[in-house]
Amino acid sequence: MALPLGPLATTYPDPNIEALDKRFPRQQNAGIERIATGCRWNEGPVYFPAGGYFLWSDIPNNRIMRWLEDDGHVSVFRAPSNYANGNARDLQGRLITCEHETRRVTRTEPDGAVTILIDQFEGKPLNAPNDVTVAPDGAIWFTDPGFGIEGEYEGHRAAAELPPNVYRLDPQTGRATIAADDFLRPNGLAFSADGAALYIIETGLADRGPAQIRKFKADDGKLSGGAIFADGFAPGILDGIRTDGQGNIWCAHGWADPAENGVHCYSPDGALLGKIHLPEPCANLCFGGPKQNRLFMTAGTSIYALYLNVQGALCL
Ligand code: MG
């Protein structure tokens, strides 16, 4: 299914962008654009400033796609991708990828070789790593909720042998530790710009507890706190999350009321600042562009992009 590319609206301000607070960092004369389409279920957005391209996972089609910034060309970056889901960039600019089918987290080296960073914990296979981010100290944090082994559509069916943990992996030593073990289905995760806070999504599906954003204090590789930062998303669910340089929190939302498909933006004190409404359920998002002021959103079969009056925090 190919949807038309281009702007969703031809007037400014874009009526698909809903400001609820004057602090919402919208760019008044910028609108939402559909920049790629024709995929099956998009996830795992990551932008590479050195190459001027954006990658994402088209999970059911078992491939990672690439969009070139200079002319908008879309092509296959990697297939098969082992049903890759979340992607991130490490501090050296290398691609970090969560793979459902192979139940591992990998790093793509500058020469294209793929290094397995982790595929088991305490002798048991990981479930199906979902999303990943990189801390200011270079540690790799990822979630392992197990969605990717529940069927044949986004991986292959298998039994979970580990709880749905959040892990911290030291890529220097290869040592992984459980960072959080009290989630039902942990999903997206993002550090604040200073690295002092980590926001983690509790997905929230009908029989799997509420959709929430939880906020942890991150110190020396360990988490504390974990209070609910935002909730009230039911019956919708949450997936990916990112932060910006002003401390705002951006989360992907969808699956219930079509009018609520898109992105929610919160201030650091928890106020809902605004919403970006998309015509498809949004799974994930990331900042990118040469100035890191463009929000890329993976939603259903398409990729949407929007310039904002703010820059991404760590831009990973
Ligand atoms: Mg996810």
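**Magnesium site and strand E23**

Trainee: Why are both Asn 130 and Asp 239 called buried?
Mentor: The term buried means under 20% relative accessible area, with exposed over 50% and partly exposed in between, for a 1.4 Å probe and protein chains only. Asn 130 and Asp 239 are both in the buried class, so each is under 20%. The model is predicted: local features need pLDDT of at least 70, side-chain atom pairs count only at pLDDT 80 or more, and totals for chains, interfaces and linings use all residues. Residues are numbered from 1 along each chain as its sequence is written, and side-chain values use heavy atoms, with hydrogens and water left out.

Trainee: Which residues coordinate the magnesium ion, and what makes an atom a donor?
Mentor: A donor is an N, O or S atom within 2.8 Å of the metal (3.2 Å for Na, K and Ca); water is not among the atoms, so sites may look incomplete. Glu 43 (OE), Asn 130 (OD1), Asn 187 (OD1) and Asp 239 (OD) coordinate the ion at 2.2 to 2.7 Å, and therefore qualify as donors. Asn 130 lies in the loop between strands E13 (124-125) and E14 (132-134), and Asp 239 in strand E22 (residues 237-243), so the pair ties together parts 109 residues apart in sequence. Strands (E, at least two residues) and helices (H or I, at least four) are DSSP runs numbered from the N terminus.

Trainee: How do you know that E22 and E23 pair?
Mentor: Pairing requires that DSSP finds at least two bridges between two strands. E22 and E23 have five, in the antiparallel sense, and therefore pair.

Trainee: Why is E23 described as largely enclosed?
Mentor: Six of the six residues of E23 (residues 249-254) are buried, so the rest of the structure largely encloses this strand.
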